Amino acid sequence: MTHHLVRRAADLPEPPYDAHGHRRRTLVGEDDGSVHTGFGLCELRPDGHVPARVNSYEESFHVLDGAVILDVPEGSYLLEEGDYGLLPTGVPHAWRGAGDTSGRWADMLAPVPRARYGHDTQRVPDLPPRDPVRIDVRDPRTRSFGHFEPAQMDPGRQSQDLLAVSASMRTALLVYSGITVKVMVDRDLGAVSSTMFMVQYAPDGVAGTHDHPFEETYLILEGVVDATFDGATYRLGPGDVAWAGAGCVHGFAGAGEGPVRWLETQAPQPPSRHSYRFTRDWEYLREALDS
């Protein structure tokens, strides 16, 4: 038996802020049958903070709107809309408000935090607050962060004179069948347990049904898509979240007049081969053998 879930934005109540001015809405977790994926939406008030901690899981994040400050041992960073990054297992870190605006971000925790082990998080001594700096994605010393703009999904804007950063594999796009993929967090950024990337479908973009030996999560950011999970079809729009467990057969088709874009995660990381098992390929083989 495989598993999937769909959570509608309209049906997701906002949790209360904690005593530090932070809240996290769990969208995929241990209670959903997930083994590798802890996915949620976090929000921090301008004067809020998350005390320093270390996790026994890998944490990836993507800032959806506003601003927030991240403190890590090597420095403090002002993160704004479009910024993303990686917090490896065991790295002390703390979050604090930017002072002028709230910050909201999606996080991906892999493997899934376990309630019976205190959610696999341990408080540590406070990190010294330093003046935060912006991320410089062109600096070769920037190892754990990046920045995304929706314009980066346009295949026509990939020439050197139009790119916001130097041409490299960090700016490369995968384009096929009306689908555009922009990798954000992966092995190249230092991740070992998960990936995070942006996906965009043209109105006629289609991915035939397939499954994977890993879990996937999808947070719809723009547009409308028809998603099928194990034979059940759902129309998903902005703010909706879906999750497909390993082996869940799923597919997508653009359903609106404009493109649809979503944030996607995978955990564990895909194997080097056979990470996609397309239904049509194995049906073709079956029919060829029968004939």
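**Close-up views of a predicted model**

Strands E16 and E21 run antiparallel and are joined by three bridges. This is a predicted model: local features need pLDDT of at least 70, side-chain atom pairs count only at pLDDT 80 or more, and totals for chains, interfaces and linings use all residues. Residues are numbered from 1 along each chain as its sequence is written, and side-chain values use heavy atoms, with hydrogens and water left out.

**View 1. An open sheet has five strands.** The order is E19-E18-E21-E16-E23, with antiparallel pairing. Strands (E, at least two residues) are DSSP runs, numbered from the N terminus. Two strands pair if DSSP finds at least two bridges between them. Ala207 has Phe252 in E21 as its bridge partner. Strand E19 (232–236) and strand E23 (277–278) stand at the edges. Each has a single partner strand, so one side of each is left without a neighbour in the sheet.

**View 2. Phe229 forms ring pairs with Tyr234 and Phe252.** Rings of Phe, Tyr and Trp (its six-membered ring) pair if their centres lie within 6.5 Å; planes under 30 degrees apart count as stacked, over 60 as edge-to-face and the rest as tilted. The whole structure has 13 aromatic pairs. In one of them, the ring centres of Phe229 and Tyr234 are 6.2 Å apart and the planes are at 50°, so the pair is tilted. The ring centres of Phe229 and Phe252 are 6.0 Å apart and the planes are at 85°, so this pair is edge-to-face. Phe229 lies in strand E18 (residues 225–229) and Phe252 in strand E21, so the pair ties together parts that are 23 residues apart in sequence. Are these residues buried (under 20% relative accessible area), exposed (over 50%) or partly exposed (in between; 1.4 Å probe, protein chains only)? Phe229 is buried, at 0%. Phe252 is buried too, at 6%. Tyr234 is partly exposed, at 23%.

**View 3. Ring pairs link residues into a cluster.** Its members are Tyr201, Tyr218, Phe229, Tyr234, Phe252 and Trp262.

**View 4. Arginine charges sit over the rings of Tyr17 and Phe278.** A charge sits over a ring if NZ of Lys or CZ of Arg is within 6 Å of the ring centre and within 35 degrees of the ring normal. The charged end of Arg45 is 3.9 Å from the ring centre of Tyr17. For Arg280 and the ring of Phe278, the distance is 4.6 Å.

Terms used
Helices (H or I, at least four residues) and strands (E, at least two) are DSSP runs, numbered from the N terminus.
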